[in-house]
Amino acid sequence: MLLFDDTIAAISTPPGRGGIGVIRLSGSQSTKILTKLAPKADLTAIQKAQLVEIYDPSSSFLDQAIAVYFQNPKSYTGQDVVEISCHGSPFILSRLLGLCLKLGARAATPGEFTMRAFVSGRIDLTQAEAVRDLIDAQTDYQSRLASRQLKGELSNYLQPIKAELLEIIVHLESAVEFVEENLNTSSIETLAKHIAGLVKKLKRLADSYQFGRIVRSGVKLAIVGRPNVGKSSFFNVLLQKDRAIVTDIPGTTRDSLVEQASLNGIPVHLIDTAGIRQTSDIIEKIGIERSYTAMIDADLVLQLIDGSTDLTYEDKNLLTKCFDNPVPFALIINKADLELKVTPEDLIKLNPNKITEKNIFTVSAKTYQGFDELQKNLVSSFFQKDFSSQEDTLILDARHFSLISNTIEELHEGVERFREGYSEEVALCHLHLALKKLGEITGETTIEDILGQIFATFCVGK
Ligand SMILES: Nc1nc2c(ncn2[C@@H]2O[C@H](COP(=O)(O)OP(=O)(O)OP(=O)(O)O)[C@@H](O)[C@H]2O)c(=O)[nH]1
Ligand SMILES: [Mg+2]
């Protein structure tokens, strides 16, 4: 077990000037350090903000600050914690931190406060990871999911599964102990059914990772099409700023442009590309090569079509490339403010196996019509289930996904060994492993190396 008998200190607010800057201390020396810095601090004022005068013990008055003392175990880390909110001058903050270190604290490493919270049992590992995700969240949806996990949503989902698995194991262990013969076929099938129920719940979680991964790291969306169909105009609408140059001259965009945006709370990396056509212009040719590369690298390709004119050879040629590309695609009929010459039905007819109503959107980058629908449905239309509109528990973390997949494998293995007539000990071993893997998600069973890796991804002071 990790032991934390030293006191750590860090500046918990971001670098640079600010209205307020916070120094945080955690450990048994926290109050001693506070009284050395602020001799008049009242240590009986627990969890109460108090105005204190901070002195450099060897010289002079430093700043007026608000100090709060959280007595253990009722603190973020479960230890004595002191937070000093002083004026947000980088100079004062670094001087104050220097004094804390001189008075016996050690500089905290990234995530060390949260690691202490985990080790003292204040939060489990999924909640600790949620703290990091909440700080890193860049969209409203990401932050909502992180706060749900912080409240223990994933742990609560897993808890009954773990309890049930433990019950199965205990039952089997006692059967092994007291019954001489192997389990009979009907008992094995009852067990298999029971385990299949657990696997179903775990599989639902594992399946949600396909979407969760995207919520966490974002989707790469490549906007492609022949020249002048309105790719750059469409890109600008999604970005909500006039980023790409738009003109009525075909071949305006020469090089791929990448910008970050958010679609219904999901982060997206939008790529505007050069219009694809036959050309002898060397610069344009290089740009078009990049458009093809963007199509291959993307998570989702959006082929824009100018709905106000008939489909051209170039449109159809590019469509064939979309069919052959392993990346999923959607077709956007643009310029819907004009009379439409291309309808979704026309496109579906071209290849009903590959084009369905689900992957066609009709919009106007001029009047913005159709964009609400597109924002709402574009990303989720590529997943079996619309996770974004539900309050379902999602997994976003590769670590959780891998442990849940391992658990499912061990459960399958266990049942198979029983069916194949192996000794109960062998089959039970897989069920124990399954339980261990589940425990690793919340941190009940874990090893220090993994903790080090997880907390290293945090910021200092958290
Ligand atoms: N009426 C109408 N015109 C549009 C719409 N979207 C784009 N346009 C016009 O179509 C022309 C081409 O738009 P762009 O956004 O530059 O097209 P592009 O596909 O990026 O073109 P390239 O960069 O040349 O490949 C411009 O004159 C736009 O104003 C739309 O929804 N409706
Ligand atoms: Mg363009």
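Trainee: Is N228 buried or exposed in this predicted model?

Mentor: N228 counts as buried, because 20 C-beta neighbours lie inside 10 Å of that residue, and the cut-off for buried is 20 or more.

Trainee: Where does N228 sit, and what is its phi?

Mentor: N228 belongs to the loop between β7 and α8, the helix of residues 231–239, and although N228 is not a glycine, its phi is positive at about 75°. For background, most residues other than glycine have a negative phi.

Trainee: And Q240, what about its phi, and is that residue buried or exposed?

Mentor: Q240, also not a glycine, has a positive phi of about 60°, and it lies in the loop between α8 and β8. Q240 counts as exposed because it has 9 C-beta neighbours inside 10 Å, where the cut-off for exposed is 12 or fewer.

Trainee: Switching to strands, which ones pair with β9?

Mentor: Strand β7, residues 219–224, runs parallel to β9 and is joined to it by 5 bridges, while strand β8, residues 257–263, pairs with β9 in the antiparallel sense over 7 bridges.

Trainee: Which residues stand across from H269, then?

Mentor: K220 has H269 in β9 as its bridge partner, and Q260 stands opposite H269 as well.

Trainee: How many residues of β9 are buried?

Mentor: Strand β9 spans residues 266–272 and is mostly covered, with 5 of its 7 residues buried.

Trainee: What happens in the hairpin of β8 and β9?

Mentor: That hairpin has 2 residues between the strands, and N264 takes a positive phi near 50° there.

Trainee: Last one, on helices: how do α3 and α4 pack?

Mentor: Helix α3, residues 112–119, packs against helix α4, residues 125–136, at an angle of about 160°, and their axes are 9 Å apart. That angle makes α3 roughly antiparallel to α4, because angles over 145 degrees count as such, and the crossing of the two helices is right-handed.

Trainee: Which residues meet there, and how many are nonpolar?

Mentor: From α3, T114, A117 and F118 meet L125, A128 and V131 of α4. Sorted by class, the contact of α3 with α4 has 5 nonpolar residues and 1 polar residue, with no charged residues.

Notes: Residues are numbered from 1 along each chain as its sequence is written. Chains are lettered from A and ligands numbered from 1 in the order in which they are written. This is a predicted model: local features need pLDDT of at least 70, side-chain atom pairs count only at pLDDT 80 or more; totals for chains, interfaces and linings use all residues. Axes are lines fitted to C-alpha atoms, for helices over the stretch in contact, and angles run from 0 to 180 degrees between N-to-C directions. Helices (H or I, at least four residues) and strands (E, at least two) are DSSP runs, numbered from the N terminus. Angles under 35 degrees count as roughly parallel, over 145 as roughly antiparallel, 65 to 115 as roughly perpendicular and the rest as oblique. A crossing is left-handed if the near helix is turned anticlockwise from the far one by less than a right angle, and right-handed if clockwise. Two residues are in contact if their C-beta atoms, placed from the backbone, lie within 7 Å. Ala, Val, Leu, Ile, Met, Phe, Trp, Tyr, Cys and Pro count as nonpolar, Asp, Glu, Lys and Arg as charged, and the others, Gly among them, as polar. Two strands pair if DSSP finds at least two bridges between them.
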